[in-house]
2 protein chains.
Amino acid sequence: MEISKRKLIDGKNRRFPKKICFTPIGIIHSPFKELKGIPIQFKMSNTEGFIEIFPEYERGLYELGGFSHLICLYSFDLVKLPVPLQSKPFLSNEKKGVFATRTPFRPNPIGLSIFAINNIELNTINVKNIDVIDRTPVLDIKPYVHDFDSLDESNVGWLKGNIRRKCS
Amino acid sequence: MEISKRKLIDGKNRRFPKKICFTPIGIIHSPFKELKGIPIQFKMSNTEGFIEIFPEYERGLYELGGFSHLICLYSFDLVKLPVPLQSKPFLSNEKKGVFATRTPFRPNPIGLSIFAINNIELNTINVKNIDVIDRTPVLDIKPYVHDFDSLDESNVGWLKGNIRRKCS
(Lines give C-alpha, C1' and ligand atoms only; values in the text may rest on other atoms or scores of the structure.)
Protein backbone atom coordinates (compact mmCIF):
# COMPACT_ATOMS: atom_id res chain seq x y z
CA MET A 1 0.00 0.00 0.00
CA GLU A 2 1.29 3.42 -0.92
CA ILE A 3 1.80 5.64 2.10
CA SER A 4 0.79 9.00 0.74
CA LYS A 5 0.95 11.22 3.82
CA ARG A 6 4.06 12.26 5.63
CA LYS A 7 3.26 12.02 9.29
CA LEU A 8 4.80 13.50 12.39
CA ILE A 9 4.86 12.31 15.93
CA ASP A 10 2.85 14.63 18.15
CA GLY A 11 5.27 16.96 19.95
CA LYS A 12 3.61 16.12 23.27
CA ASN A 13 4.60 12.50 22.87
CA ARG A 14 8.23 13.33 22.06
CA ARG A 15 10.68 11.65 24.39
CA PHE A 16 14.44 11.86 24.11
CA PRO A 17 15.42 8.41 22.77
CA LYS A 18 17.92 6.20 24.57
CA LYS A 19 18.45 4.13 21.46
CA ILE A 20 17.68 4.84 17.79
CA CYS A 21 17.37 1.88 15.44
CA PHE A 22 17.47 1.72 11.66
CA THR A 23 16.82 -0.98 9.08
CA PRO A 24 19.38 -1.26 6.26
CA ILE A 25 17.94 -0.23 2.87
CA GLY A 26 20.64 -1.91 0.80
CA ILE A 27 24.17 -3.27 0.47
CA ILE A 28 27.35 -1.78 -0.98
CA HIS A 29 29.03 -4.29 -3.28
CA SER A 30 32.71 -3.48 -3.39
CA PRO A 31 35.73 -5.19 -4.96
CA PHE A 32 37.47 -4.78 -1.57
CA LYS A 33 36.88 -8.11 0.18
CA GLU A 34 39.22 -7.36 3.08
CA LEU A 35 40.26 -4.24 4.97
CA LYS A 36 43.80 -4.22 3.63
CA GLY A 37 44.15 -1.96 0.62
CA ILE A 38 40.91 -0.02 0.98
CA PRO A 39 41.47 3.67 0.12
CA ILE A 40 41.17 5.76 3.28
CA GLN A 41 38.83 8.25 1.64
CA PHE A 42 36.40 8.20 -1.30
CA LYS A 43 38.21 11.17 -2.85
CA MET A 44 41.31 8.99 -3.18
CA SER A 45 39.50 6.10 -4.86
CA ASN A 46 38.65 5.50 -8.50
CA THR A 47 37.28 2.07 -7.73
CA GLU A 48 33.87 1.12 -9.08
CA GLY A 49 31.21 -0.91 -7.34
CA PHE A 50 27.48 -0.88 -6.93
CA ILE A 51 24.83 -0.23 -4.34
CA GLU A 52 22.04 -2.78 -4.28
CA ILE A 53 18.91 -1.11 -2.93
CA PHE A 54 16.49 -3.69 -1.60
CA PRO A 55 13.53 -4.05 -4.03
CA GLU A 56 11.00 -2.71 -1.53
CA TYR A 57 12.81 0.67 -1.65
CA GLU A 58 13.42 0.79 -5.43
CA ARG A 59 10.71 3.40 -6.08
CA GLY A 60 12.65 5.77 -3.83
CA LEU A 61 15.40 6.00 -6.47
CA TYR A 62 13.16 7.82 -8.98
CA GLU A 63 15.07 10.81 -10.47
CA LEU A 64 18.26 10.17 -8.50
CA GLY A 65 19.90 9.34 -11.86
CA GLY A 66 19.93 13.03 -12.83
CA PHE A 67 22.44 13.78 -10.09
CA SER A 68 26.15 13.21 -10.65
CA HIS A 69 26.92 12.31 -7.02
CA LEU A 70 25.22 10.87 -3.98
CA ILE A 71 25.93 10.93 -0.27
CA CYS A 72 25.87 7.41 1.10
CA LEU A 73 25.43 6.86 4.84
CA TYR A 74 26.32 3.37 5.92
CA SER A 75 27.21 1.25 8.92
CA PHE A 76 30.82 0.39 9.78
CA ASP A 77 29.43 -2.96 10.90
CA LEU A 78 32.83 -4.50 11.65
CA VAL A 79 33.67 -1.98 14.37
CA LYS A 80 33.51 -3.37 17.87
CA LEU A 81 32.21 -1.02 20.55
CA PRO A 82 33.23 0.74 22.72
CA VAL A 83 35.89 2.70 20.83
CA PRO A 84 38.60 5.00 22.24
CA LEU A 85 37.51 8.65 22.41
CA GLN A 86 41.01 9.77 21.49
CA SER A 87 43.53 8.02 19.28
CA LYS A 88 46.15 8.59 16.62
CA PRO A 89 44.37 8.88 13.27
CA PHE A 90 45.85 7.69 9.99
CA LEU A 91 47.10 11.16 9.08
CA SER A 92 48.81 12.13 12.33
CA ASN A 93 51.19 10.87 14.98
CA GLU A 94 49.35 12.65 17.76
CA LYS A 95 46.13 11.76 19.48
CA LYS A 96 42.97 13.53 18.32
CA GLY A 97 39.41 13.38 19.53
CA VAL A 98 37.27 10.95 17.58
CA PHE A 99 34.91 13.77 16.52
CA ALA A 100 37.89 15.66 15.04
CA THR A 101 38.71 12.71 12.77
CA ARG A 102 37.01 10.64 10.09
CA THR A 103 37.99 7.29 11.60
CA PRO A 104 35.46 4.43 11.31
CA PHE A 105 36.02 3.75 15.03
CA ARG A 106 33.30 6.08 16.30
CA PRO A 107 30.82 5.81 19.18
CA ASN A 108 28.12 5.48 16.51
CA PRO A 109 30.03 3.92 13.60
CA ILE A 110 28.19 5.65 10.74
CA GLY A 111 30.18 6.14 7.55
CA LEU A 112 29.71 8.92 5.01
CA SER A 113 31.03 8.66 1.47
CA ILE A 114 30.33 10.72 -1.62
CA PHE A 115 30.15 8.46 -4.66
CA ALA A 116 29.93 9.48 -8.31
CA ILE A 117 26.87 7.92 -9.95
CA ASN A 118 27.74 6.03 -13.14
CA ASN A 119 24.19 4.89 -13.85
CA ILE A 120 21.13 3.39 -12.21
CA GLU A 121 19.41 0.21 -13.42
CA LEU A 122 16.29 -0.81 -11.50
CA ASN A 123 17.49 -1.20 -7.91
CA THR A 124 21.22 -1.06 -8.71
CA ILE A 125 23.23 2.15 -8.47
CA ASN A 126 26.58 1.79 -10.22
CA VAL A 127 29.05 4.09 -8.52
CA LYS A 128 32.68 5.21 -8.46
CA ASN A 129 34.99 6.23 -5.56
CA ILE A 130 34.33 3.14 -3.45
CA ASP A 131 36.23 3.24 -0.12
CA VAL A 132 34.37 0.58 1.86
CA ILE A 133 34.52 -3.15 2.34
CA ASP A 134 32.21 -5.48 0.41
CA ARG A 135 28.72 -6.07 1.82
CA THR A 136 28.58 -2.86 3.85
CA PRO A 137 25.00 -2.16 5.04
CA VAL A 138 23.48 1.05 3.63
CA LEU A 139 21.43 3.34 5.90
CA ASP A 140 20.54 6.22 3.59
CA ILE A 141 21.18 7.73 0.16
CA LYS A 142 20.90 11.49 -0.37
CA PRO A 143 21.59 13.47 -3.55
CA TYR A 144 24.78 15.55 -3.33
CA VAL A 145 23.78 19.17 -3.88
CA HIS A 146 26.69 21.50 -4.63
CA ASP A 147 24.83 24.58 -3.35
CA PHE A 148 24.27 22.90 0.01
CA ASP A 149 27.25 20.62 0.48
CA SER A 150 30.26 22.41 -1.05
CA LEU A 151 31.86 25.14 1.00
CA ASP A 152 34.13 27.67 -0.67
CA GLU A 153 36.26 28.23 2.37
CA SER A 154 36.78 26.12 5.41
CA ASN A 155 39.59 25.42 7.85
CA VAL A 156 40.70 21.87 8.38
CA GLY A 157 42.40 22.19 11.77
CA TRP A 158 45.05 19.58 12.47
CA LEU A 159 44.63 18.10 8.98
CA LYS A 160 46.18 21.22 7.42
CA GLY A 161 49.24 20.16 5.46
CA ASN A 162 48.69 16.51 6.34
CA ILE A 163 46.27 15.49 3.62
CA ARG A 164 48.57 15.83 0.67
CA ARG A 165 51.68 14.79 2.54
CA LYS A 166 50.32 11.35 3.29
CA CYS A 167 48.06 10.71 0.35
CA SER A 168 49.83 11.81 -2.80
CA MET B 1 38.53 3.09 31.79
CA GLU B 2 40.24 4.23 28.65
CA ILE B 3 39.66 1.91 25.75
CA SER B 4 42.96 2.06 23.97
CA LYS B 5 42.60 -0.51 21.23
CA ARG B 6 40.41 -0.20 18.19
CA LYS B 7 38.86 -3.58 17.69
CA LEU B 8 37.18 -5.27 14.77
CA ILE B 9 34.59 -8.00 14.63
CA ASP B 10 36.08 -11.15 13.15
CA GLY B 11 35.01 -11.36 9.49
CA LYS B 12 33.84 -14.92 10.03
CA ASN B 13 31.29 -13.73 12.56
CA ARG B 14 29.96 -11.03 10.27
CA ARG B 15 26.22 -11.28 9.66
CA PHE B 16 24.17 -8.85 7.63
CA PRO B 17 22.23 -6.91 10.27
CA LYS B 18 18.41 -6.69 10.21
CA LYS B 19 18.49 -3.72 12.53
CA ILE B 20 21.27 -1.29 13.45
CA CYS B 21 20.95 0.67 16.68
CA PHE B 22 22.75 3.76 17.89
CA THR B 23 22.89 5.69 21.16
CA PRO B 24 22.59 9.49 20.89
CA ILE B 25 25.84 11.27 21.81
CA GLY B 26 24.25 14.68 22.36
CA ILE B 27 21.43 17.14 21.73
CA ILE B 28 21.09 20.05 19.32
CA HIS B 29 19.76 23.09 21.15
CA SER B 30 18.00 25.28 18.63
CA PRO B 31 15.93 28.47 18.91
CA PHE B 32 13.34 26.74 16.68
CA LYS B 33 10.83 25.29 19.12
CA GLU B 34 8.32 24.26 16.47
CA LEU B 35 8.55 23.11 12.86
CA LYS B 36 7.05 26.28 11.42
CA GLY B 37 9.73 28.71 10.32
CA ILE B 38 12.71 26.34 10.32
CA PRO B 39 14.99 27.05 7.32
CA ILE B 40 14.78 24.17 4.84
CA GLN B 41 18.56 23.89 4.57
CA PHE B 42 21.53 24.81 6.73
CA LYS B 43 22.98 26.91 3.88
CA MET B 44 19.92 29.16 4.12
CA SER B 45 20.22 29.68 7.86
CA ASN B 46 22.28 32.15 9.87
CA THR B 47 20.70 31.02 13.09
CA GLU B 48 22.93 30.15 16.02
CA GLY B 49 22.49 27.35 18.49
CA PHE B 50 24.61 24.81 20.29
CA ILE B 51 25.31 21.13 20.38
CA GLU B 52 25.49 19.66 23.85
CA ILE B 53 27.73 16.59 23.73
CA PHE B 54 27.01 14.31 26.67
CA PRO B 55 29.89 14.55 29.21
CA GLU B 56 30.94 10.93 28.69
CA TYR B 57 31.90 11.82 25.08
CA GLU B 58 33.54 15.20 25.80
CA ARG B 59 37.09 13.90 25.30
CA GLY B 60 36.13 13.04 21.71
CA LEU B 61 35.93 16.77 20.90
CA TYR B 62 39.69 17.30 21.35
CA GLU B 63 41.04 19.36 18.40
CA LEU B 64 37.67 19.73 16.68
CA GLY B 65 37.90 23.46 17.49
CA GLY B 66 40.57 23.95 14.79
CA PHE B 67 38.04 23.17 12.08
CA SER B 68 35.69 25.85 10.79
CA HIS B 69 32.82 23.48 10.02
CA LEU B 70 31.43 20.14 11.16
CA ILE B 71 29.11 17.58 9.65
CA CYS B 72 26.35 16.73 12.10
CA LEU B 73 24.37 13.52 11.67
CA TYR B 74 21.18 13.47 13.70
CA SER B 75 17.84 11.76 14.02
CA PHE B 76 14.65 13.27 12.61
CA ASP B 77 12.97 11.84 15.67
CA LEU B 78 9.55 13.39 14.94
CA VAL B 79 9.12 11.48 11.67
CA LYS B 80 6.56 8.70 11.84
CA LEU B 81 7.38 5.58 9.82
CA PRO B 82 6.68 4.30 7.24
CA VAL B 83 7.16 7.21 4.85
CA PRO B 84 6.10 7.48 1.19
CA LEU B 85 8.85 6.41 -1.24
CA GLN B 86 7.82 9.12 -3.66
CA SER B 87 6.35 12.53 -2.90
CA LYS B 88 6.47 16.15 -3.93
CA PRO B 89 9.47 17.77 -2.25
CA PHE B 90 9.55 21.37 -1.09
CA LEU B 91 11.31 22.55 -4.24
CA SER B 92 9.14 20.85 -6.88
CA ASN B 93 5.55 20.27 -7.87
CA GLU B 94 6.30 16.78 -9.20
CA LYS B 95 6.88 13.57 -7.31
CA LYS B 96 10.46 12.49 -6.74
CA GLY B 97 11.95 9.42 -5.15
CA VAL B 98 12.86 9.93 -1.53
CA PHE B 99 16.55 9.15 -2.24
CA ALA B 100 16.58 11.94 -4.86
CA THR B 101 15.49 14.49 -2.25
CA ARG B 102 16.70 15.82 1.09
CA THR B 103 13.33 15.47 2.82
CA PRO B 104 13.38 14.43 6.51
CA PHE B 105 10.69 11.84 5.67
CA ARG B 106 13.10 9.02 4.82
CA PRO B 107 12.99 5.27 5.47
CA ASN B 108 15.85 5.86 7.92
CA PRO B 109 15.26 9.45 9.05
CA ILE B 110 18.89 10.52 9.45
CA GLY B 111 19.60 14.21 8.96
CA LEU B 112 22.85 15.75 7.76
CA SER B 113 23.70 19.39 8.31
CA ILE B 114 26.96 21.27 7.94
CA PHE B 115 27.30 23.79 10.75
CA ALA B 116 29.92 26.52 11.12
CA ILE B 117 31.76 26.17 14.44
CA ASN B 118 31.76 29.38 16.47
CA ASN B 119 33.66 27.96 19.42
CA ILE B 120 33.81 24.98 21.74
CA GLU B 121 33.62 25.19 25.54
CA LEU B 122 33.95 21.91 27.41
CA ASN B 123 31.13 19.75 26.02
CA THR B 124 29.30 22.58 24.23
CA ILE B 125 29.83 23.30 20.54
CA ASN B 126 28.45 26.72 19.61
CA VAL B 127 27.40 26.61 15.97
CA LYS B 128 25.78 28.61 13.17
CA ASN B 129 23.45 27.56 10.31
CA ILE B 130 20.93 25.74 12.49
CA ASP B 131 18.10 24.18 10.44
CA VAL B 132 16.65 21.71 12.94
CA ILE B 133 14.12 21.74 15.72
CA ASP B 134 15.18 22.12 19.36
CA ARG B 135 16.24 18.98 21.22
CA THR B 136 17.19 16.98 18.12
CA PRO B 137 19.22 13.86 19.06
CA VAL B 138 22.79 13.82 17.68
CA LEU B 139 24.24 10.61 16.25
CA ASP B 140 27.68 11.70 15.07
CA ILE B 141 29.95 14.69 14.55
CA LYS B 142 32.62 14.65 11.83
CA PRO B 143 35.01 17.44 10.83
CA TYR B 144 34.13 18.97 7.44
CA VAL B 145 37.19 18.52 5.22
CA HIS B 146 37.16 20.63 2.06
CA ASP B 147 39.45 18.25 0.19
CA PHE B 148 37.07 15.36 0.81
CA ASP B 149 33.63 16.93 0.96
CA SER B 150 33.63 19.78 -1.57
CA LEU B 151 33.18 18.85 -5.20
CA ASP B 152 34.14 21.33 -7.90
CA GLU B 153 31.57 20.10 -10.36
CA SER B 154 28.42 18.15 -9.82
CA ASN B 155 25.01 17.92 -11.45
CA VAL B 156 21.96 18.44 -9.31
CA GLY B 157 19.33 16.70 -11.47
CA TRP B 158 15.78 17.93 -10.95
CA LEU B 159 16.98 20.58 -8.50
CA LYS B 160 18.69 22.49 -11.34
CA GLY B 161 17.19 25.97 -11.49
CA ASN B 162 14.92 25.26 -8.54
CA ILE B 163 17.23 26.07 -5.67
CA ARG B 164 17.58 29.78 -6.27
CA ARG B 165 14.06 30.22 -7.60
CA LYS B 166 12.49 29.12 -4.36
CA CYS B 167 15.03 30.21 -1.80
CA SER B 168 16.28 33.63 -2.72
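Guide: Start with how the copies meet: 100% of the interface residues of chain A are also interface residues in chain B, so the two copies meet through the same surface. Contact here means C-beta atoms, placed from the backbone, within 7 Å.

Visitor: Before we go on, what kind of model is this?
Guide: This is a predicted model, where local features need pLDDT of at least 70, side-chain atom pairs count only at pLDDT 80 or more, and totals for chains, interfaces and linings use all residues. Residues are numbered from 1 along each chain as its sequence is written, while chains are lettered from A and ligands numbered from 1 in the order in which they are written.

Visitor: Back to the contact. How many residues does each chain put in?
Guide: Chain A gives 79 residues, and chain B gives 79 residues.

Visitor: Which element of chain A gives the most to that side?
Guide: Strand 9 of chain A, with six residues. Strands are DSSP runs of E, at least two residues long, and helices are runs of H or I, at least four long; both are numbered from the N terminus.

Visitor: And by class, what is on the side of chain A that touches chain B?
Guide: That side has 43 nonpolar, 17 polar and 19 charged residues. Ala, Val, Leu, Ile, Met, Phe, Trp, Tyr, Cys and Pro count as nonpolar, Asp, Glu, Lys and Arg as charged, and the others, Gly among them, as polar.

Visitor: Which strands pair across the two chains?
Guide: Strand 1 of chain A pairs with strand 1 of chain B, residues 20-22. They run antiparallel over three bridges. Pairing needs at least two bridges found by DSSP. Ile20(A) has Phe22(B) as its bridge partner.

Visitor: What rotation puts chain A on chain B?
Guide: A rotation of 180°, with 0.0 Å of shift along its axis and an RMSD of 0.0 Å. That is the relation of a two-fold axis.

Visitor: New topic. What is chain A built from?
Guide: Two helices and nine strands. Along the sequence the pattern is β-β-β-β-β-β-β-β-β-α-α. Its C-alpha atoms fill a box of roughly 55 × 45 × 35 Å along the principal axes.

Visitor: How much of chain A is buried?
Guide: Buried residues make up 43% of its 168 residues. Buried means 20 or more other C-beta atoms within 10 Å of the residue's own, exposed means 12 or fewer, and partly exposed is in between; these C-beta atoms are placed from the backbone.

Visitor: Where's the barrel, and what's its strand order?
Guide: In chain B, six strands close into a barrel in the order 2-3-8-7-4-9, with antiparallel pairing. Neighbouring strands of this sheet are turned by 45° against each other on average, direction ignored. The axes behind that angle are lines fitted to C-alpha atoms.

Visitor: Take strand 8 of chain B. What does it pair with?
Guide: Strand 7 (residues 110-121) and strand 8 (residues 124-128) of chain B pair antiparallel over five bridges. Strand 3 (residues 48-53) of chain B also pairs with strand 8 in the antiparallel sense, over five bridges. Lys128(B) is the bridge partner of Glu48(B), and Ala116(B) stands opposite Lys128(B) too.

Visitor: Which residues of strand 8 are on its covered face?
Guide: Ile125(B) and Val127(B). The uncovered face has Thr124(B), Asn126(B) and Lys128(B). Val127(B) stands opposite Ile117(B).

Visitor: Last one. Leu73(B): buried or exposed?
Guide: Leu73(B) is buried, with 22 other C-beta atoms within 10 Å. Leu73(B) lies in strand 4 of chain B. Not counting residues up to four places away in sequence, Leu73(B) touches Ile110(A), Ile110(B), Leu112(B), Leu139(B) and Asp140(B).

Visitor: And strand 4 itself, how many bridges join it to strand 7?
Guide: Seven bridges join strand 4 (residues 69-75) to strand 7 in chain B, and the two run antiparallel. Leu70(B) stands opposite Phe115(B) there.

Notes:
Copies are superposed by least squares on the C-alpha atoms of residues with pLDDT of at least 70 in both. Axes are lines fitted to C-alpha atoms, for helices over the stretch in contact, and angles run from 0 to 180 degrees between N-to-C directions.
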